[in-house]
Amino acid sequence: MPKLRKQSALQRQRIMRQHLHSYRERNLNDDRLRNSQQLATRRQDPEYRENERERDRAAHSTRRQAVNYRSAEQERDILAHSILRMNSSYRATEQARDALAHANRRMDPTYREEEQQRDTLAHSVRRMDPTYREEEQQRDTVAHSMRRRDPTYREEEQERNTLAHSIHRMNATFREGEQERDTVARSVRRMDPTYREEEQQRDTLAHSIRRMDPTYREEEQQRDTLSHSIRRMDPSYREEEQQRDTLAHSIRRMDPTYREEEQQRDTLVHSIRRMDPAYRGEERERDSLARSIRRQNEEYRQVERERDTAMHRVRRRNPVFRIMEQERNTSARRVTRQVAMQMQEAENRMRSCRVLIHRMNPTNRENINMRQALRSSARRRNLSPDSRSQQQIQDTLRCRARIISNFCNIIKSGPTEVCICCGGLWFVTQIKTLRKTFVLQKYPNLSTVFFLSDQFPSDNDIYKFCNTCHKIINAGKVPSMCLSEGLHFPAIPSELQGLTSLEESVL
């Protein structure tokens with residue numbers, strides 16, 4: 001398929017002229033060319049041209065009787081006219097030509113009257129469109145403002161308006177309508193922030209003049225207080241008032257001087273309030289709660305970390321701060337290690353308690369011993385004689401170390417438990433307990449064995465005894481070492497109560 005070539009209109013005209021010129025050179029004696037040359041010769045006669053125009057006009061009017069021809073012609077004319085009007089020179093020439101023709105036509109009074117009627121009718125039709133009316137009002141307003149720049153025009157207009165207004169106001173209905181119009185117009189004008197500001201300035205000046213009277217000020221305060229208390233009974237009004245106050249405060253804080261004065265006032269008031277310990281505690285709780293809520297946002301936490309890091313880097317430039325920080329960190333690590341050790345010990349004790357509780361069940365203990373025996377026998381079978389002897393030595397050493405460790409743990413704090421029967425000091429493992437009510441119900445004659453119950457009272461009626469006293473009391477007898485048997489040491493006189501342990505041993 002051959003490739004299509006796009007040509008412009010000028011290129012096509014140039015090619016057609018070249019073809020026509022070549023055709024004329026090749027066919028100089030052709031009838032068509034001869035007729036065209038003859039027609040060009042005849043058109044040089046003005047009378048022939050006039051007759052030709054009349055014939056063309058008659059033929060054109062005949063052709064325009066067809067609707068399709070007229071519509072096609074109008075489309076061609078509109079298109080050709082739009083193309084011509086793309087040229088600014090043509091547009092200017094056309095406007096001048098149309099203006100001159102319109103001015104010539106308006107010299108006829110009949111034409112002017114008909115034109116006015118047409119314009120009035122067209123204007124009334126156009127004014128049915130609200131958008132057109134609004135644009136027309138804006139144009140008229142601009143034109144009127146331009147005319148009012150002339151002082152003479154303004155003065156004449158004021159005189160005309162004053163006279164017309166005084167005549168109109170003689171009518172009561174007009175006055176009432178005017179008041180309503182003025183009210184609506186004022187509400188519309190107050191939508192303009194500039195007008196509201198100017199009106200506020202005027203009202204403020206007049207109000208300041210009236211407030212120079214002390215009686216007026218007092219009455220105004222009473223009225224304002226009463227009306228404000230009534231309005232604040234409405235929750236919606238209170239909320240709106242809070243929003244207004246917040247907005248006004250934010251606007252005032254745009255002034256650096258106001259912000260500085262406000263900070264000074266707030267600092268002073270806050271320092272006075274913080275003198276109350278209860279207020280300080282509530283403030284800490286509020287701050288902790290607000291900070292915990294803010295720290296739920298990952299972005300806030302990141303910004304806070306960066307801020308703290310920068311501040312900490314600046315503070316660490318001071319050697320004194322670095323030394324104090326090292327001391328604080330050392331103390332904190334020591335406390336952390338102690339807490340970790342205590343938690344580990346507690347966990348070990350809980351684990352030991354769980355193991356002991358589990359082993360208190362004979363079935364569990366038998367199963368554990370059986371499993372341990374199986375594991376030990378299997379391990380011993382797999383060991384060589386030398387390894388078995390080394391294993392026995394290690395087990396003996398571990399058992400001995402465990403016994404020594406348990407003993408050291410038991411005696412580490414010394415004998416701190418007191419037997420309320422004999423008054424002796426014993427280790428924790430050497431102490432047993434008895435319930436007083438149970439003992440007295442079983443052996444009513446053993447009330448003296450609770451000799452030190454007043455010095456060492458018990459909340460749950462359970463008292464501590466050494467193994468010897470416990471065994472004798474369970475047999476229903478009074479121990480021979482009981483303090484009630486005349487072995488109680490007399491009370492220390494007041495003169496000897498301040499002695500040290502060394503001085504007491506000397507005595």
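Glutamate 155 sits in helix α8, which spans residues 151-168; helices here are DSSP runs (H or I, at least four residues), strands are E runs of at least two, and both are numbered from the N terminus. This is a predicted model, where local features need pLDDT of at least 70, side-chain atom pairs count only at pLDDT 80 or more, and totals for chains, interfaces and linings use all residues. Residues are numbered from 1 along each chain as its sequence is written, and side-chain values use heavy atoms, leaving out hydrogens and water.

Together with Asp150, Glu156 and Glu159, Glu155 forms a negative surface patch. Patch members have over 30% relative accessible area and no salt bridge, with like charges joined within 9 Å. Glutamate 155 is partly exposed at 48% relative accessibility (buried is under 20%, exposed over 50%, partly exposed in between, with a 1.4 Å probe and protein chains only).

On the positive side, Arg371, Arg375, Arg379, Arg380 and Arg381 make up a surface patch. Arginine 371 belongs to helix α17, residues 362-382, and is partly exposed, with a relative accessible area of 43%.

## Salt bridges

How many salt bridges does a search of the whole structure find? The search gives 20, each being a side-chain nitrogen of Lys or Arg within 4 Å of a carboxyl oxygen of Asp or Glu.

One of them pairs arginine 148 with glutamate 157 at 2.3 Å, N to O. Arginine 148 is partly exposed at 27%, whereas glutamate 157 is buried at 10%. Another joins arginine 169 to glutamate 178 at 2.2 Å; here arginine 169 is partly exposed at 33% and glutamate 178 is buried at 9%.

Glutamate 220 bridges to arginine 211, their closest N and O atoms lying 2.3 Å apart. Glutamate 220 is buried at 9%, while arginine 211 is partly exposed at 27%. Shared partners also link Arg186, Arg190 and Glu199 into one salt-bridge network.

## An annotated span and a loop residue

An unreviewed UniProt entry annotates residues 279-313 as a "coiled-coil region"; such annotations may be inferred rather than shown by experiment. In the model, this span is 91% helix and 0% strand, and its end C-alpha atoms lie 33 Å apart.

Finally, have a look at aspartate 461, in the loop between α19 (436-442) and β4 (462-466). Aspartate 461 has a positive phi of about 65° although it is not a glycine. Most residues other than glycine have a negative phi.

Methods. Patches are made of residues with over 30% relative accessible area and no salt bridge: like charges are joined within 9 Å, nonpolar side chains (Val, Leu, Ile, Met, Phe, Trp, Tyr) within 5 Å. Accessible areas come from the Shrake-Rupley method with a 1.4 Å probe; for residues, only the protein chains shown count as cover. Lys and Arg count as positive and Asp and Glu as negative; His and the chain ends are not counted. The place of a charge is taken as NZ of Lys, CZ of Arg, CG of Asp or CD of Glu.
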